[in-house]
Amino acid sequence: MPGDDDDRELFDDEHPGPQVLESALANTALSEVVSQPPLMVSASSPLADAIHLMQQERRACVLVMENDRLEGIFTERDILMKVAGQPLDLIHTSVSTSMTPDPFTLPADANVAFALSKMVLEGFRHIPLVDDEGYPTAVVSMRNLIEYLGEIYSRELLTMPPEPHQHRFKSREGA
């Protein structure tokens, strides 16, 4: 029938298959997924300053530097697990006491698939990206990767019920 090929091509563009996803994950560099430079503080910075910077910039982490060298990463998780509820003086306690030291890093040209795998297997939410000298250039987050995956698929597919003709909300008897 005329138009069937056009409809199929449109469907394929809006609903990529496993090969498209696999190719995108394997062939997309992390530098294409992140757009902001990393937030950085010195290891001697007070916790209050690091937390304020994260709040001000609406970011989930800061990189902790000492003499142009990456010493650690300080994340929202560190705030919850190491700072909140502790008898700490946020003004006089340095961020280095609560950071995660020596974080796992990747080069900016590493692919999305490797970063995603590492994050899932190791439980990382943020991975600093570094240049050839080990200097941070960005931070890739799980959120960046999820947003990237969302761009691969159309919004229609992401909001589609499990069965296209299934009613979205069915009430169970007695519920």
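Strand 7 (136-141) and helix 6 (residues 142-152) each contribute at least two residues to the lining of the largest pocket, with helices (H or I, at least four residues) and strands (E, at least two) taken as DSSP runs numbered from the N terminus. The largest share of this lining, six residues, is from helix 6. The model is a predicted one, in which local features need pLDDT of at least 70 and side-chain atom pairs count only at pLDDT 80 or more, while totals for chains, interfaces and linings use all residues. Residues are numbered from 1 along each chain as its sequence is written, and side-chain values use heavy atoms, with hydrogens and water left out.

The volume of the largest pocket is about 570 Å³. On a 1 Å grid over the protein atoms alone, a pocket is an open set of points where a 1.4 Å probe fits, with protein on both sides within 12 Å along at least five of seven lines, and lining residues have an atom within 4 Å of a point. Grid points are joined across faces, edges and corners, and a volume is the space filled by probe spheres set on the points. Of the 24 lining residues, Gln36, Arg59, Ser141, Arg143 and Asn144 lie nearest the centre of the largest pocket. By class, the lining comprises ten nonpolar, five polar and nine charged residues (Ala, Val, Leu, Ile, Met, Phe, Trp, Tyr, Cys and Pro count as nonpolar, Asp, Glu, Lys and Arg as charged, and the others, Gly among them, as polar).

The second largest pocket holds about 270 Å³ of space. Its lining has 15 residues, of which Ile73, Thr75, Thr100, Phe124 and Arg125 lie nearest its centre. Two or more lining residues come from each of strand 3 (69-75), helix 4 (76-83) and strand 6 (126-130). Seven nonpolar, four polar and four charged residues make up this lining.

Arg125 is located in the loop between helix 5 and strand 6. Residues up to four places away in sequence aside, Arg125 touches Arg77, Met119, Val140, Ser141 and Met142 (contact means heavy atoms within 4.5 Å). Arg125 and Cys61, 64 residues apart in sequence, are 9.7 Å apart in space, C-alpha to C-alpha.

Helix 5 (residues 112-122) packs against helix 6 at an angle of about 130 degrees, with the axes 11 Å apart. Axes are lines fitted to C-alpha atoms, for helices over the stretch in contact, and angles run from 0 to 180 degrees between N-to-C directions. The contact is formed by Val112, Ala115, Leu116, Met119 and Val120 of helix 5 with Met142, Leu145, Tyr148 and Leu149 of helix 6. Nine nonpolar, no polar and no charged residues take part in this contact.
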